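This briefing is intended for a reader who is new to protein structure. Please look at the structure before reading the points below.

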Amino acid sequence: MIAENIQKIKNTLPEGVTLVAVSKTKPNEMIQEGYDAGHLDYGENKVQDLVAKYEALPKDIRWHFIGHLQTNKVKYMAPFVHLLHGIDSMKLLKTVNKEAIKNKRTIDCLLQVKIAEEESKFGLSKKNVLEMIDNEEFKALENIRIRGLMGMSTNTEDEVQVKLEFSSLKTFFDELKSSVFTDASFDTLSMGMSNDYPLAVECGSTMVRVGSSIFGARNYS
Ligand SMILES: *Cc1c(COP(=O)(O)O)cnc(C)c1O
């Protein structure tokens, strides 16, 4: 079932758009099923779960951390995490850099930008991003690589609003790419979830994070 669901979604995605299968709260067997069918990208939002799944599952799985990240937990995933989607402060970036140095690696990061109206969503404002990157402290971080931006739209049926939010993030991504992050490695725009990924792709997403459409509804207890 999982493998079929992943394939169905992949078939709808244009070339160059990566599917992150969001496996949070779901058992290892489901991930293994996707892996056996050749899918390597999985997303988790709790550090403890991420580490447990990393330890139990094949080592070539690419683990994406998509949750809100606390500085004191970075060390647990620094040895292996593939991409950190939720960078929302300079303090966090400095910690990631420090842990990357300890592990003799470079850690790929996305800056999370707040595009939704909801108060509950984390992320930097565009102004925060511009201030953060125009800073000597930021430029001195050599073991992190900013691969792009991540954003979450407002949870609403209003497609016009969601489209505006995604488009504004795409515009900001393009502005940064032509001014500050001119390297080819700035190539990732992570936006779109189960209920809005087709719209996100229309608006220029290069990475969608899809959970319930693959694994079924989540049961938080
Ligand atoms: C849970 C989660 C997703 C996946 O949500 P679905 O609606 O199940 O597709 C995507 N991104 C983030 C940041 C999440 O926390």
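The points that follow are grouped by topic.

This is a predicted model, in which local features need pLDDT of at least 70 and side-chain atom pairs count only at pLDDT 80 or more, while totals for chains, interfaces and linings use all residues. Residues are numbered from 1 along each chain as its sequence is written, and side-chain values use heavy atoms, with hydrogens and water left out.

**Terms**

- Buried means under 20% relative accessible area, exposed means over 50%, and partly exposed is in between (1.4 Å probe, protein chains only).
- Helices (H or I, at least four residues) and strands (E, at least two) are DSSP runs, numbered from the N terminus.

**Nonpolar cores**

- A nonpolar core is a set of buried Ala, Val, Leu, Ile, Met, Phe, Trp, Tyr and Cys residues joined through side-chain atoms within 4.5 Å.
- The largest nonpolar core contains 63 residues, and Leu84, Leu93, Leu111 and Leu149 have the most contacts inside it.
- Helix α8, residues 159-179, gives the most to this core, namely six residues.
- Another core, of five residues, lies apart from it and includes Val20, Leu110, Met150 and Met207.
- Leaving aside neighbours within four places in sequence, Leu149 is in contact (heavy atoms within 4.5 Å) with residues including Leu110, Leu111, Leu169, Phe172, Phe173 and Leu189.
- In soluble globular proteins, nonpolar side chains tend to be buried together.

- In helix α1 (residues 2-12), the buried residues are Ile2, Asn5, Ile6 and Ile9.
- Viewed down the axis of α1, these buried residues fall within an arc of 100 degrees, so they line one face of the helix; the arc is that of the directions from the helix axis to the C-beta atoms.
- The exposed residues Lys8 and Asn11 are on the face of α1 turned away from its buried side.
- Among the elements against which the buried residues of α1 pack are β1 (18-22), α2 (28-36) and β2 (41-44).
- Helix α6 (residues 126-133) has Val129, Met132 and Ile133 as buried residues.
- Down the axis of α6, its buried residues fall within an arc of 85 degrees, so they line one face of the helix.
- The cover over the buried residues of α6 includes α5 (90-102), β5 (107-112), α7 (136-139) and α8.

**Two buried loop residues**

- His39 lies in the loop between α2 and β2, and at 3% relative accessibility it counts as buried.
- A polar atom of the His39 side chain lies 3.1 Å from the backbone oxygen of Leu19, and a polar atom of that side chain lies 3.0 Å from the backbone oxygen of Asp41.
- Ser23 is found in the loop between β1 and α2, and it is buried, with a relative accessible area of 0%.
- Not counting residues up to four places away in sequence, Ser23 touches Ile31, Tyr42, Gly43, Glu44, Lys53, Trp63 and Phe215.

**The ligand**

- An N or O atom in the side chain of Arg209 is 2.9 Å from a nitrogen atom of the ligand.
- An oxygen atom of the ligand lies 2.8 Å from a backbone N or O atom of Gly211.
- A polar side-chain atom of Arg218 lies 2.8 Å from an oxygen atom of the ligand.
- The protein covers 90% of the 390 Å² of accessible area that the ligand has on its own, with areas from the Shrake-Rupley method and a 1.4 Å probe.

How values were computed: Polar contact = N/O pair within 3.5 Å; in protein donor to acceptor, adjacent residues only side chain to side chain.
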